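Could you walk me through this structure at the level of individual side chains?

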Amino acid sequence: MSGQDSQKTPVKPTTFRMPDGRSFYLYGDFEGAPEWPWLEGSTDRSFSHRRWHALRREWVVYSAHRQSRTYKPPADFCPFCPGVANGEVPLKDFSIAVFDNRFSSLQKDAPQPAPITGLEDLPVASAVGNCEVIIYSSDHKASMASLPLARRELLVRAWGDRIRSLLDIPEMQAVLPFENRGEEAGVTLHHPHGQIYAFSYLPPVINAMAQSFKEGFDLCALTGKKDYVVADAEHAAMLVPPFTRFPYELWVVPKRRCPSPDKLSDAEVRDVAELLARAANTYDAFFGRTCPYVMLVYAAPKGFEDVFPFHIQFQPLLRSPTKMKFVAGVEVGAGSFLVDILPETAAQHLREVEV
Ligand SMILES: [Zn+2]
């Protein structure tokens, strides 16, 4: 990589503390000084815990307080729009805002739970972690793909900064930023936003990936396999992996192995930011509608920085313009995915889309 290509712009948020103890970060420009008088005296603190699922051999997190929450905003109220009374972002304008989720499933200070009466042998553990909301824009009608390139670059840098900051907390082992897009993916708030989860343990999918990378799986090499590449940039590629579980998965993979977005050069950030929009636009053009998807930002968990490459996976929930891809039956029951289209054919279809 040439000197200019390795240039890296630092990102530093302006940090605030909300009256209920939550952290609040602003990336990029903003107008105004945030105050949340409606949160003064708020002492809503409840904790989650984990229980071991002996048959699946994985932890399940229980947040009983989320089910009974009384927070029911009116239909036309968006707590993520700037300057809304009782909202989360009391500012005239902002670029990107990140704050602790008001009803977090995981907590930084979750205590060790007591054994369950009558089931003292069932392993239980504290649900130490963190859940953040990341708002991409003050514009309610924007989306990740509609943002100007510079804002999407800031989004990639903000992910990197949050991943690094959260992994600096001794208990945290892995951080997963993600976005659910569309009502079919469970979205109820339409303001463009995603979430960032930090875990004090390795969740099963991230653990499996980490083990595979440790054993030498070379994800970056896929960026050179032209049958699978849908869009090629200088420093990153958008590709269908040769082993998709969803019919039209797209992954955005930097060509250089990099553990986290905060280690990307400006040139790499630009290519990743461009391909992220390209992926969403490719789906919308291909399916002829706004495609619901889950976007997953994978960065190296603690201890796997030398082997685990940062990359982003899109799992679209459509298999045709009118057909949802439901995960059910043998996929839920056996964990065995059945796909009707070969990955190389899916790649060819997506390559033919004009965006
Ligand atoms: Zn809004």
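This is a predicted model: local features need pLDDT of at least 70, side-chain atom pairs count only at pLDDT 80 or more; totals for chains, interfaces and linings use all residues.

Q: Which residues are the protein donors of the zinc ion?
A: Donors are N, O and S atoms within 2.8 Å of the metal (3.2 Å for Na, K and Ca), and water is not among the atoms, so sites may look incomplete. Here the donor atoms lie 2.0 to 2.3 Å from the zinc ion. In sequence the donor residues follow the spacing C-x2-C-x58-H-x50-H. They are Cys-78 (SG), Cys-81 (SG), His-140 (ND1) and His-191 (ND1).

Q: What is the geometry of the site of the zinc ion?
A: Four donors count as tetrahedral if all angles lie between 85 and 135 degrees. Ideal angles for four tetrahedral donors are 109.5 degrees. The angles among the four donor atoms of the zinc ion run from 103 to 119 degrees, so by that cut-off the site is tetrahedral.

Q: Is His-191 buried or exposed?
A: Buried means under 20% relative accessible area, exposed over 50%, and partly exposed in between (1.4 Å probe, protein chains only). His-140, another zinc donor, is partly exposed because its relative accessible area is 30%. His-191 has a relative accessible area of 1%, so His-191 is buried.

Q: How many salt bridges does a search of the whole structure find?
A: A salt bridge is a side-chain nitrogen of Lys or Arg within 4 Å of a carboxyl oxygen of Asp or Glu. One of them joins Arg-22 and Glu-88 at 3.1 Å, N to O. The search of the whole structure gives a total of 15.

Q: Which residues are linked with Arg-22 in a network of salt bridges?
A: Arg-22 and Glu-88 meet in a salt bridge, and both are buried. Asp-20 also belongs to the network. Besides Arg-22, the linked residues are therefore Asp-20 and Glu-88.

Q: Which helix holds both Arg-164 and Asp-161?
A: The side chains of Arg-164 and Asp-161 meet in a salt bridge of 2.9 Å, N to O. Asp-161 is buried because its relative accessibility is 4%, while Arg-164 is partly exposed at 30%. Helices (H or I, at least four residues) and strands (E, at least two) are DSSP runs, numbered from the N terminus. The two residues are three apart, about one turn, in helix α2.

Q: Where does Glu-268, the partner of Arg-256, lie?
A: The salt bridge between Arg-256 and Glu-268 is 2.7 Å, N to O. The pair links distant parts of the chain, 12 residues apart, with Arg-256 in the loop between β12 (250–254) and α4 (266–287) and Glu-268 in helix α4. Arg-256 is partly exposed, at 37%, whereas Glu-268 counts as buried because its relative accessibility is 1%. The place asked for is helix α4.

Q: Which element gives the largest share of the lining of the largest pocket?
A: A pocket is an open set of points on a 1 Å grid over the protein atoms alone where a 1.4 Å probe fits, with protein on both sides within 12 Å along at least five of seven lines; lining residues have an atom within 4 Å of a point. The largest pocket has a volume of about 1,400 Å³, the space filled by probe spheres set on points joined across faces, edges and corners. Of its 41 lining residues, the closest to its centre are Pro-204, Val-205, Ile-206, Arg-245 and Tyr-298. The largest share, seven residues, comes from α3.

Q: Is Arg-57 buried or exposed?
A: Phi of Arg-57 is near 55 degrees, a positive value in a residue other than glycine. Arg-57 lies in the loop between β3 (49–53) and β4. Because its relative accessibility is 67%, Arg-57 counts as exposed.

Terms used. Residues are numbered from 1 along each chain as its sequence is written. Side-chain values use heavy atoms; hydrogens and water are left out. Four donors count as tetrahedral if all angles lie between 85 and 135 degrees; four count as square planar and six as octahedral if opposite donors are over 155 degrees apart and all others between 65 and 115; anything else is irregular.
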